[in-house]
Amino acid sequence: MPTPAAAPDVKASVTSVLAASGVAVTDKDGGLAGEAEKILAKWWLGSRKVSYRMSCRFDEAARAVHFREVVLEKSWGMPPPTLSVEVTTTSGWTRSGSRTDTSPAGGGAVDYGQVRDAVEKAVKDAGWTFDFEGGRMP
């Protein structure tokens, strides 16, 4: 069994995975927090925005990364007419699938499991344990 990586190395690996996924990362109390705007439809009567948020804590003693994520939708006024196609699978707190919005005023797509899966792979490759804390806001 390979020797687990040091906490700074795991943190750097997770940061690079998040940056490659388009998530803006900040250091928060020794852990990481990130957000990415995935869908935006905006016009003069209102708008709709779908964002992906995540956070993770690094427990060096247990060699574990505690990961949380959420997809938030916010709208104001009268959002533009939008065609949304969503395909999801939910198992416990784990949600996988995707959502694509198309509108004359914008749109975009969000993949519900892409970032989580990439972070989990980076953490496990480093010899650490990945702990998904579902149902808890980041």
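Student: How many of the 14 residues of S3 are buried?
Tutor: Ten of them are, so S3 is largely enclosed by the rest of the structure. Buried means under 20% relative accessible area, exposed means over 50%, and partly exposed is in between (1.4 Å probe, protein chains only). S3 is a strand, covering 46-59. Helices (H or I, at least four residues) and strands (E, at least two) are DSSP runs, numbered from the N terminus.

Student: Anything to know about the model before we go on?
Tutor: This is a predicted model: local features need pLDDT of at least 70, side-chain atom pairs count only at pLDDT 80 or more, and totals for chains, interfaces and linings use all residues. Residues are numbered from 1 along each chain as its sequence is written, and side-chain values use heavy atoms, with hydrogens and water left out.

Student: OK, back to S3. In which sense do S2 and S3 pair?
Tutor: Antiparallel, over eleven bridges. Two strands count as paired if DSSP finds at least two bridges between them. S2 and S3 make a hairpin, with two residues between them.

Student: And how many bridges join S3 to S4?
Tutor: 14, and those two strands run antiparallel. They form a hairpin too, with four residues between them. Arg63 in that turn has a positive phi of about 50 degrees.

Student: Which residue in S3 is the bridge partner of Lys42?
Tutor: Ser47. Ser47 also stands opposite Trp76 in S4.

Student: Where does Ala62 lie?
Tutor: In the loop between S3 and S4. Ala62 has 46% relative accessibility, so it counts as partly exposed. Ala62 and Thr129 are 67 residues apart in sequence, yet 8.2 Å apart in space, C-alpha to C-alpha.

Student: New topic. How many residues has the largest nonpolar core?
Tutor: It has 21. A nonpolar core is a set of buried Ala, Val, Leu, Ile, Met, Phe, Trp, Tyr and Cys residues joined through side-chain atoms within 4.5 Å. Val14, Leu18, Cys56, Phe58, Val119 and Trp128 have the most contacts inside this one.

Student: Which elements give two or more residues to this core?
Tutor: Helix H1 (7-20), strands S2 (31-43), S3 (46-59) and S4 (64-77), and helix H2 (114-125). H1 gives the most, with five residues.

Student: What is Phe58 in contact with?
Tutor: Beyond its neighbours within four places in sequence, the list includes Val10, Val14, Leu32, Val65 and Trp128. Contact means heavy atoms within 4.5 Å.

Student: Let's do H1. Which of its residues are buried?
Tutor: Ala7, Val10, Lys11, Val14, Val17 and Leu18. They cover an arc of only 125 degrees around the axis, which puts them on the same side of H1. The arc is that of the directions from the helix axis to the C-beta atoms.

Student: Why do residues three or four places apart point the same way in an α-helix?
Tutor: Because an α-helix has 3.6 residues a turn.

Student: So what's on the face of H1 turned away from its buried side?
Tutor: The exposed residues Pro8, Ala19 and Ala20. On the buried side, the cover includes strand S1 (24-28), S2, S3, S4 and H2. After H1 comes Gly22, with a positive phi near 85 degrees.

Student: And H2? Which residues are buried there?
Tutor: Val115, Arg116, Val119, Ala122 and Val123. Their arc is only 130 degrees around the axis, which puts them on the same side of H2. They pack against H1, S3, S4, strand S6 (94-103) and S8. Lys121 and Asp125 are exposed, on the face turned away.

Student: Last one: Glu133. Buried or exposed?
Tutor: Buried, because its relative accessibility is 11%. Glu133 is placed in the segment after strand S8 (129-132).

Student: Which side chains does its side chain make polar contacts with?
Tutor: With that of His66 at 3.4 Å, and with that of Arg68 at 2.7 Å. A polar contact is a pair of N or O atoms within 3.5 Å; within protein, one must be able to donate a hydrogen and the other to accept it, and residues adjacent in sequence count only if both atoms are side-chain atoms.

Student: Where is Arg68 placed?
Tutor: In strand S4. Arg68 is at 17% relative accessibility, so it counts as buried. Its side chain also reaches the backbone oxygen of Met137 at 3.2 Å.
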